[in-house]
Amino acid sequence: MSIPYPFTAIVGMDDLRLGLLLNAVSPAVGGVLVRGEKGTAKSTAVRALAALLPELAVVAGCRFGCDPAAPDPHCPDGPHETGPGVSRPPRMVELPVGASEDRLVGALDIERALSEGVKAFEPGLLADAHRGVLYVDEVNLLHDHLVDLLLDAAAMGASYVEREGVSVRHAARFLLVGTMNPEEGELRPQLLDRFGLTVEVAASREPELRVEVVRRRLAYDDDPAGFAARWAGEETALRERIVAARALLPGVRLGDTALLQIAATCAAFEVDGMRADIVMARTATALAAWAGRTAVRPEDVRQAALLALPHRRRRNPFDAPGLDEDRLDDTLERFKGEDGHGDGHGGDGGDDDPDGGGPGGPDGPGGGIPPQGGPEATGTPPESGARRHDAPAEPEPPAGPEPGTEPDGRPRDPAADAGAGAGAGAGAGAGEQSAVRAAEPFRTKTLSVPGLGEGAAGRRSRARTDHGRTTGSRRPRGTLTKLHLAATVQAAAPHQRARGRGGPGLVVRRDDLRQATREGREGNLVLFVVDASGSMAARRRMSAVKGAVLSLLLDAYQRRDKVGLVTFRGRAAEVALPPTSSVDAAAARLESLPTGGRTPLAAGLLKAHDVLRVERIRDPARRPLLLVVTDGRATGGPDPVALAARAARLHAAEGTASVVVDCESGPVRLGLAGSLAAALEGTAITLDALRADSIAGLVRDVQQVSNGRPRRAA
């Protein structure tokens, strides 16, 4: 068994360590979601905490880890007699991204239930994690229905498994920790709200701290056992402090002033629902217990707000989580107690501690984070890596060429599009204009891929899925997961006499079992190909175009799609964002997109073809939807329109579902976007018709047109 990295040897990351420790003291806080860039010790800290937790007593032989002092009366392995039990360390259970529902909650043997009347239950990861730690790395990439099951169990402290009328319940109380890299996609706000605390982590920009991180990691890799032994004293002291805080927790007083501050803070930041108030109350209580006090102070409430509220303020996927600390301080100041210190200042047994009162002492808002000194301290002051207060400012962009000239000073080609400059590369040019802000997003029509797919669960196109309406039955391939009861009875009924049936029960054999086939919705790969050339450069026009694309991105987020962004302008196209689940990253790239230059439409389509070719290899089950946002014009080179048509026919030949969002405006329209849609064998739709409240139709499926002419919504 590998030796985990010591928790007390982690450098910086104060918010991360505090959030984990508070959940160790009080799992009722509701878990912690750790957001941060890659390589910031997220997984290391979680595994280190699991090794730090005190041992627990369990009923011998119980697969569900029941407490011998108070066994679960509903335990499938019960009933249990009270007794001393056996000791073991808490389990650290990791939930892989590709886990199935049965692997998470457990599986019932339907065949034995039907044929023998036996509840044969195989426990899942929730049972393994009971009274331990359940760690979900990349929780934002987990299927939504699994996240729902996971968070329901965490909230109720129990897991329910039901299959065709057969049900099993068992206790499932655990410390839930999820980690995620926001660059790979966000969790829905409804799921974010279910996590008690959230912390942001980032690598420190202080060279001394980075040196210390590397030094300790190299020492650990060279000799894990020796490194752990050097930190054993600090680990033991921290473990004892967790036990003491747990014992003190029931006696901590949460007074009326603290409750009023909590309620006022949640109201001031317009947090939805009441979960935030409850989590803040539990967190403030855990902070007081961690500091060795029996009453909650205003600094506990403040720290609880910083941990419990930022992720609950997001209203849409493009909002950045965060909290205005000045506003928080003003709110707490308005609702402080008459003595200016809130409830419990004095008389709590904590003021006599000579180390108390400061932010690093046990009475401070941080509750006394484990020291960063230890046996290998360098003397550098600890710094939290959770926020980048000292990040360097972005450099000023270099000045562009003079208006009306090329980058090398030559006069611009007057035949180029209005406002365009034939710059070098994908967008440099004299006609380049600064980025235009997007118009307000709106609800779009539903655009879906035709046919029946088998991709990842989502909300866009029809697909065969594990969840959805039952459409038929088939013989199971491997383990039976969803029984089609009527089909099973129908298959078994003709053989009852031959099988010697003598009673009311049905004699069922394995060959009779039928798997239910279900139809639901899948997520697709929505690849945006956006024209950023000079013909789109009118500010009001480009603002409307960006607003439309932003609206489609929001729709993709709600439908659980992956998105990618290809832009074309000047002489070439570029992949502004490779396919990702991070819709907000695509929105950020779109917001900063400049315009200007010629219109290399063919280059944009060919670049999109390359992206889709690679994605078909990486994820063959995910069907693509190509969204080309352009007015249909093409310039540059000999016969650019014909070249664009040939590039479009490449997509049509591979059956790629396509939509052309026609951005052409004005009284005279050339209809070039419609011709492009015909070459793509897709659909053309105008910006106005894209709105869901438009009178030009309600739902528009993307489908190939037999006569070669695209359908068009005016």
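The lining of the second largest pocket divides into 19 nonpolar, seven polar and 10 charged residues, where Ala, Val, Leu, Ile, Met, Phe, Trp, Tyr, Cys and Pro count as nonpolar, Asp, Glu, Lys and Arg as charged, and the others, Gly among them, as polar. This is a predicted model, in which local features need pLDDT of at least 70 and side-chain atom pairs count only at pLDDT 80 or more, while totals for chains, interfaces and linings use all residues. Residues are numbered from 1 along each chain as its sequence is written, and side-chain values use heavy atoms, with hydrogens and water left out.

**Pockets**

- A pocket is an open set of points on a 1 Å grid over the protein atoms alone, with protein on both sides within 12 Å along at least five of seven lines, whereas a cavity is a set of points where a 1.4 Å probe fits but cannot get out; lining residues have an atom within 4 Å of a point.
- Grid points are joined across faces, edges and corners, and a volume is the space filled by probe spheres set on the points.
- The second largest pocket has a volume of about 750 Å³, and its lining consists of 36 residues, of which Pro27, Ala28, Arg173, Phe174 and Leu175 lie nearest its centre.
- Helix H1 (14-25), H6, strand S10 (175-180) and helix H12 (275-290) each supply at least two residues of that lining; helices (H or I, at least four residues) and strands (E, at least two) are DSSP runs, numbered from the N terminus.
- The largest pocket holds about 1000 Å³ of space, and among its 39 lining residues His143, Asp144, His145, Ala456 and Ala457 lie nearest its centre.
- Helix H3 (101-105), helix H6 (144-156) and S13 each supply at least two residues of the lining of the largest pocket, with S13 giving the most, five residues.
- By class, the lining of the largest pocket has 10 nonpolar, 12 polar and 17 charged residues.

**Cavities**

- Two cavities of 30 Å³ or more are counted.
- The largest cavity, with a volume of about 60 Å³, is lined by Leu525, Leu612, Glu615, Arg616, Asp619, Arg622 and Pro624.
- Helix H18 (residues 601-618) provides the largest share of the lining of the largest cavity, three residues, and by class this lining has three nonpolar, no polar and four charged residues.
- The second largest cavity has a volume of about 30 Å³ and is lined by Phe528, Val549, Leu553, Gly564, Leu565, Ala586 and Leu590.
- Helix H16 (539-558), strand S17 (562-569) and helix H17 (583-591) each supply at least two residues of the lining of the second largest cavity, which has six nonpolar, one polar and no charged residues.

**The sheet that includes S13**

- Three strands form an open sheet in the order S13-S15-S14, with antiparallel pairing; two strands pair if DSSP finds at least two bridges between them.
- Strand S13 (457-465) and strand S14 (469-474) stand at the edges with a single partner strand each, so one side of each is left without a neighbour in the sheet.
- S13 and strand S15 (residues 515-522) pair in the antiparallel sense over six bridges, and Ser461 stands opposite Glu522 in S15.

**Gln558**

- Gln558 lies in helix H16 and, at 42% relative accessibility, counts as partly exposed, a class between buried (under 20% relative accessible area) and exposed (over 50%), with a 1.4 Å probe and protein chains only.
- The C-alpha atoms of Gln558 and Arg460 are separated by 9.1 Å, although the two residues are 98 residues apart along the chain.
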